[in-house]
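The following note sets out numbered points on the structure shown below.

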Amino acid sequence: MKKIVYITLLLLMACEIPTESYENPLDVEAAGDNGIETPALVFFPDEITVTSGATFTVFVYGLMFDNLAGSSIQVEFDKNRVQVSSVIKGDIFVDSQNEPIFFTELNNENGLINITTSFLGSDSTAIDVTGSIAQLTFTTVATGASTLTFGSQCEMVNPDDEALEIKGFGEVSITTN
Amino acid sequence: MLFLLRFSAIFLLLTPFLLGQFITDPGAGKPTVAILDFEGRNVSPQEVQTLSERMRTEIGNTNAVRLIERKAVDKIMEEQGFQQSGCTTDECASEVGELLGVQYMISGAIGLMGKTYTIDAKMFTVETGETIETKSVSYEGDISGLLIEMEILAWEIVGLEAPTRLKLKRTGEDDKVTVAVMDFEGRGISVLEAQTLTDRFNTSMSNTKKVLMVERGTMSDVLYEQGFETGSCTSDECAAEVGAMLGVQFMVSGAVGKLGDTYTIDIKMFKVATGAAENMQSVTYQGKVDGLITEIEILGWTILGLNAPKKLLEKKRLGTSAFLAQEAKQAPKTQVGAMMRSLFIPGLGQFYSEKKLWGYGWLAAEAVIGGLIYLSYSNYNTAFNDYNSYQNQYVNETDPVLIAKFRDNSESSHIDMENANSSMEIMVAVFGTVWIANAVHAYMVGPKQNETAFNDVPVRLAYDQHTNQVQFALSIPLD
C-alpha cells in the first residue's frame, strides 16, 4: 500500500513544472523584459531582505555602455530606513596602468551618495563593457520597505567628456524585517 | 430409416458369406467382386488408376468380399480388346464381370469441378445388373486427400461403416489414441450399476483429452450386430473382436465386484492388434458408493498413465459429500469478480478465469508501461534538478557571459523537464487505458453464468433403433 501511495505521490510531483523566471538585473535580455533599456545603470542584486540593524552590500553596474571613460553617479536612499556605511570602487575602470579616479560623497542626512570615477591617464581611454562601478554597503536602521534609486545627476561620458545616453535605470527593493 | 433398410438388405445379402468365413475357408462363400478402374473426368488416368488401386487394397481389408485381382481384370479386358479406361458403360462392366465369373462389379467416376473433386461409385450384380449400393463423395482440397476418401468408400460400398481410424484420419485427428470401453462386468452389483460406473469411467477418460472415445451408441450397435446381449461380451476375445470391428487401437474391459462392504475394481487396457495388455489397474475400496465413483473417475486417468487432477484427489480425500459441501461454500466465479480483480491488479482477473496467458500478457504490458513511466520520471527529475542548479548559478552570477550561459542551460533544462513531463503524462494515460482495457477484457473472458449446465434445457428426444420408438430423455447433471 505504501508503495502505491509513493508512486502516486511521485506522479503528482511530476506534474509540477516551475514557471521560468529570469530576474538577474545584469541579464540584458531580462532587463529588456523588465522595461529597462540598455545602456543602463542598475543595482545588483535588485531585491534585498534583511533584518533591522544588519548590513548589506549592493553593487552599482553600468550595463552595455560603449566607449565609456568616466561616470558620475548619484544614488538616493531612504535615510529613515537605511544608512550608507561605505563605498568601495568597482572594477570597471581598473586597468594595468593606473588606479582609476574615484571620489565619493556620502550624505546620510539627505539620503544621497555621489560617486565620481574615471580612467586615469591617456593610455586607458575607453571600454565597451558591462561592469561594476562601485560597491555600496548599507546598514538598516528601521524596519519597513524602501528603495534604492539612481538620482537625476547621473552622467556617463566618453573620452571626449561627451555624455552618453543612459536609457534605463534599475532600482533595489529593500525589505527590512 | 432408408439407411437401415439399405444396410439390412446388404447385410442379408452378405450374411451367408460372412458367416461362412468363420466356419471354413476364410475366402470361401464371400461374394466375388471386381473393381474396374474408375472413369476420370478432368483427372489424369494415372491419378485415377492410383485411386482405384487404393480402393482395391482397402476393400480387401473389409473381409466382406473376395476381390478379383487387377491382373485378371486386365487379362480379360485385353482378350476382349478393351482398355480399362475405355470400359465405362454398365453393359461393358457387366460383360467383363460375366467373363470374370464374379457376382458383383464396382465401377465409378472421379471428376473435378472447379476446386471440388467428386467420386461416384456403384456396386451392381453382374447377373441382373441391379444396383446394390451407390455412394457419392465431394471433396475439396489436394487430390492426395482422395486416397482416404477412397479407403472409406471401400467400406461403405460394401455396406459397412468405415473404421474409426479412417474417420479420424479424414478429420486429421489420427494423432490421438482411439479407445473403446466395454461395459464393466458386475459381480455383486447390478448390470445398471455396472453400466453407470462404465459411463463415469468413459467420461473421465474423455476428460483427459488424450484419447478419442468410441460412443456408447456405436459400441451398442456393433454388439447388437454381433448378437451379444448387453453385458454378455465380457471375455478378452470378445472385446478384441469388437475392437477390431470398431477399428480402435485399444480396448478397455473390467469388472467391478462387491464383497460385503468392500468393492474391487479391476480394469485392463489392451491393444486390439496384438491383444497385449497395455495397462492394468486394481483398486479395493471400502465405504459409501459415492467414493466408488470417485475411484472410477481416478482410474479413467491412471489407466492412461496420467496423474489424476487435484480436484479428483481432493474429492477422494474429503469424501464426495464433504467435497461437494466445500464446493458449494465457494462462491461461483463471475465476470464481475474477474473484472474487480483485474481492476485491483492487472491480469489478476484473467488468472482467476484460468486465462493465464492473458493474465501474464496484461501484467507484462502494465509492467513495461510502468517502466517507461519511471524512465520518464527519472528524466524529469534530472531535468528538474539541473534547472534548479542553473537557476541558482544564473541568479548569483555577475559575469554577463556566464549569465547568458546559465540562462541558456536553464531554458534547455526547462524544455527537457516539460518533454519528460509530457511523455510521463502520455504514459500514465496509456497505463490507465490499458488498466481499464484489462478490466473490460477480464469481464469479457470471465466465467459466464449462462455456461452452467442448468441453463441448458435438459430434455431430449431420441430415436431408439432397437425398439423403433421415440424416447423422451431428461438428464440432470449431478456434478
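1. The buried residues of α7(B) are covered by elements of chain B that include β7 (177–181), β8 (185–187), β9 (211–213), α8 (216–225), β10 (250–259) and α10 (289–302). Helices (H or I, at least four residues) and strands (E, at least two) are DSSP runs, numbered from the N terminus. Contact requires C-beta atoms, placed from the backbone, within 7 Å.

2. This is a predicted model, in which local features need pLDDT of at least 70 and side-chain atom pairs count only at pLDDT 80 or more, while totals for chains, interfaces and linings use all residues. Residues are numbered from 1 along each chain as its sequence is written, with chains lettered from A and ligands numbered from 1 in the order in which they are written.

3. Ala194(B), Leu197(B), Thr198(B), Phe201(B), Asn202(B), Ser204(B) and Met205(B) of α7(B) are buried (20 or more other C-beta atoms within 10 Å of the residue's own, C-beta atoms being placed from the backbone). They lie on the same side of α7(B), because their arc around the axis is only 165° (taken from the directions from the helix axis to the C-beta atoms). Lys209(B), with a positive phi near 60°, follows α7(B).

4. Strands β4(B) (residues 104–113) and β5(B) (residues 116–125) run antiparallel, joined by ten bridges; pairing requires at least two bridges found by DSSP. Ala109(B) has Asp120(B) as its bridge partner in β5(B). Two residues separate the strands of this hairpin, where Gly114(B) has a positive phi near 65°.

5. Strand β2(B) (residues 39–41) runs parallel to β4(B), with three bridges; Gly40(B) is partnered by Ile110(B).

Technical notes: Buried ≥ 20, exposed ≤ 12 C-beta atoms within 10 Å, placed from the backbone. Contact = placed C-beta atoms within 7 Å.
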